[in-house]
Amino acid sequence: MAIDRFYAVIPAYEPDEKMLAVIDDISSLTDFHIIVINDGSGKDKLPIFAEAAKKAIVLTHEVNKGKGRGIKTALEYIKEHEADTVGIVIADADGQHKVEDIIRVSEALKSSPDKLIMGCRRFSGKIPLRSKFGNNITKFVFSFAAGVKVSDTQTGLRGFSSKLIPFMLSVNGDRYEFEMNMLLECAREGIRFYEVPIETVYLGKNESSHFNPIKDSWRIYKDILKFSCSSLLSFCVDYICYSIFAMISGNVAFSNICARVISSIFNFSMNKKFVFKNKEGIAKTATKYFLLAALILAANTIMLELCVKYLIHNKYISKILIEVLLFFISWAAQKSFVFRKRERKIDE
């Protein structure tokens with residue numbers, strides 16, 4: 001079914017009159033309903049939400065639960081009250097998303113209802129340093145972790161079909177980390193991204209943002225970093241086993257092969273269950289994984305022997321250098337070949 005109606009979801013914590021201006025602009029669109037979430041704002045903000053209730057559905061959290069929880073509350077409401085397929089556009093309450101850009105996202109959703117629509121900022125002109133720096137760092141880490149390039153990982157303007165509500169409700173996180181987790185889970189599940197360029201609007205020096213640079217950044221990055229923890233733990237297992245076998249046998253190739261067999265079993269189990277959360281049959285993924293592991297082992301062993309013989313004669317230092325070189329190859333291969341998600345259909 002084609003999408004011809006939309007819900008604008010606006011999570012709000014301690015908003016001001018700028019939110020009312022956003023609601024006024026969206027209410028002029030005949031195909032939009034508006035849901036505002038009062039996420040535990042103070043009593044002094046009640047008049048603003050009372051005014052908002054004249055043109056929007058206002059859902060209230062008695063205490064602050066976070067932006068992610070606010071979005072989920074709105075999605076639960078839509079799921080309960082809407083039988084048809086509708087489009088959902090999430091926008092911020094501080095006026096940083098113009099109605100023209102909200103329309104662009106909704107139009108893109110009409111033509112690509114199976115994708116996550118991202119309103120990506122151009123980052124031109126005078127941009128607050130913390131916003132520009134934060135987005136560049138997060139883009140790099142996300143691209144490495146998920147194997148997908150996104151030009152603006154921190155945008156709050158996003159659109160998707162109501163058929164994805166069960167999936168979105170399953171995404172972990174109740175605060176700002178929910179937005180990053182949404183991207184990570186979509187990348188894992190093969191839900192493609194569609195970027196729509198939007199205007200970059202910063203009010204003052206972005207003082208209206210309730211994003212805590214330390215606390216909320218940790219919530220975001222801790223979920224990304226788990227992608228790398230498995231490889232680090234597997235390397236530790238591999239290196240310890242290699243060192244033990246090397247001390248016992250003195251044979252580099254034998255020690256490397258034995259260590260890699262043990263660490264590969266450990267790494268496969270960790271990656272399948274915790275990192276990529278792959279649901280394919282173990283036989284299928286294990287076959288692909290250990291084929292890749294065998295190829296990397298062969299390359300690892302040959303490179304290690306050559307390194308010890310011709311470059312660095314210390315077999316322990318050589319082991320570390322070779323592992324670092326092959327880490328990125330192994331990661332890319334596992335992401336794109338072993339644990340690659342099939343493209344998810346919107347009606348699955």
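**Pocket, rings and helices**

Modeller: By class, eleven nonpolar, eight polar and three charged residues make up the lining of the second largest pocket, where Ala, Val, Leu, Ile, Met, Phe, Trp, Tyr, Cys and Pro count as nonpolar, Asp, Glu, Lys and Arg as charged, and the others, Gly among them, as polar. This is a predicted model, in which local features need pLDDT of at least 70 and side-chain atom pairs count only at pLDDT 80 or more, while totals for chains, interfaces and linings use all residues. Residues are numbered from 1 along each chain as its sequence is written, and side-chain values use heavy atoms, with hydrogens and water left out.

Biologist: What volume does the second largest pocket have?

Modeller: The volume is about 500 Å³, and of the 22 lining residues the closest to the centre are S231, F235, E323, F327 and S330. A pocket here is an open set of points on a 1 Å grid over the protein atoms alone where a 1.4 Å probe fits, with protein on both sides within 12 Å along at least five of seven lines, and lining residues have an atom within 4 Å of a point. The volume is the space filled by probe spheres set on the points, which are joined across faces, edges and corners.

Biologist: Which helix gives the most to that lining?

Modeller: That is α11, with seven residues, although α8 (215-249), α9 (252-275), α10 (282-311) and α11 (315-338) each supply at least two; helices are DSSP runs of H or I with at least four residues, and strands are runs of E with at least two, numbered from the N terminus.

Biologist: Switching to rings, how many aromatic pairs are there?

Modeller: There are seven, counting rings of Phe, Tyr and Trp (its six-membered ring) whose centres lie within 6.5 Å, with planes under 30 degrees apart called stacked, over 60 edge-to-face and the rest tilted. F6 and F32 are stacked, at 5.2 Å centre to centre and 20° between the planes, and they link strand β1 (residues 6-12) with strand β2 (residues 32-39), 26 residues apart. Both F6 and F32 are buried, meaning under 20% relative accessible area with a 1.4 Å probe and protein chains only.

Biologist: And how are the planes of F268 and Y289 set?

Modeller: Their planes are at 50° with centres 5.2 Å apart, so the pair is tilted, and F268 in helix α9 is 21 residues from Y289 in helix α10. Ring pairs also link F268, Y289 and F290 into a cluster.

How values were computed: Buried means under 20% relative accessible area, exposed over 50%, partly exposed in between (1.4 Å probe, protein chains only).
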